[in-house]
Amino acid sequence: PLLRDGHEGAPTLKREEALVRAYLELMQMRMPDRLQYSVNIDPALHTLRLPPLTLLTLVENAVRHGIDPSEAGGRIDVGARRDATTGRIRLWVSDTGRGIDESKAPGTGLSNLRERLAAAYGGRATMTLSAAQPHGVRAEIDLPDMTTPRSLRSHSPEGRLGPDAWERPGAGPSAAPNSFNEAPRRATAAR
């Protein structure tokens, strides 16, 4: 599908949602009595561009480390909403699986996702993991209220300006502070 700026093929939240639904349907076939899920993504956010596999990484992590090892299985809830007050966008994946294993370091999937978020948004995006009650994990990604960073565009007439060059009026190297070298917020616990 064509996006607002006319470029085809860029990763969008709509495409990510389709991947997540397909993956969860497949996992439910594999464990029909042990996995329930819901996907609740605001359609107004469908054209939002993201680093590839942003939500899918979190969903795979929830299945692999939360639901699969639990004999009882569990539920995975996936969502995305814009905060009406701040305009920031929140993506989340929560599960009722095994929970956080505090003795393990973050895995490759989460580390790679943090790097992709940092490359696309600099210090403006955060990812957190927290324990869900009575058991399970909630992973949240908080994105800025800006349109697509040029680092995620397929083609840019101004050239690739890096993670701090945003597509908005007046944006450019001097319009946004350079936060590329800021470390992304890290979760203290791992799965």
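Modeller: Helices (H or I, at least four residues) and strands (E, at least two) are DSSP runs, numbered from the N terminus. The protein has 3 helices and 5 strands, and along the sequence they follow the pattern α-β-α-β-β-α-β-β. The model is predicted: local features need pLDDT of at least 70, side-chain atom pairs count only at pLDDT 80 or more, and totals for chains, interfaces and linings use all residues. Residues are numbered from 1 along each chain as its sequence is written, and side-chain values use heavy atoms, without hydrogens and water.

The part to look at is helix 2, residues 54-67. At 1.5 Å a residue, counted for one less than its number of residues, its 14 residues should span 20 Å, and the end C-alpha atoms are 19 Å apart, which agrees. Among the buried residues are Leu55, Val59, Asn61 and Gly66.

A nonpolar core is a set of buried Ala, Val, Leu, Ile, Met, Phe, Trp, Tyr and Cys residues joined through side-chain atoms within 4.5 Å. The largest one has 38 residues, and Leu13, Leu24, Ile76, Val78, Leu91 and Leu143 touch the most other members. Helix 2 supplies its largest share, 7 residues. Leaving aside neighbours within four places in sequence, Val78 is in contact (heavy atoms within 4.5 Å) with residues including Leu55, Val59, Val20 and Trp92.

Terms used
Buried means under 20% relative accessible area, exposed over 50%, partly exposed in between (1.4 Å probe, protein chains only).
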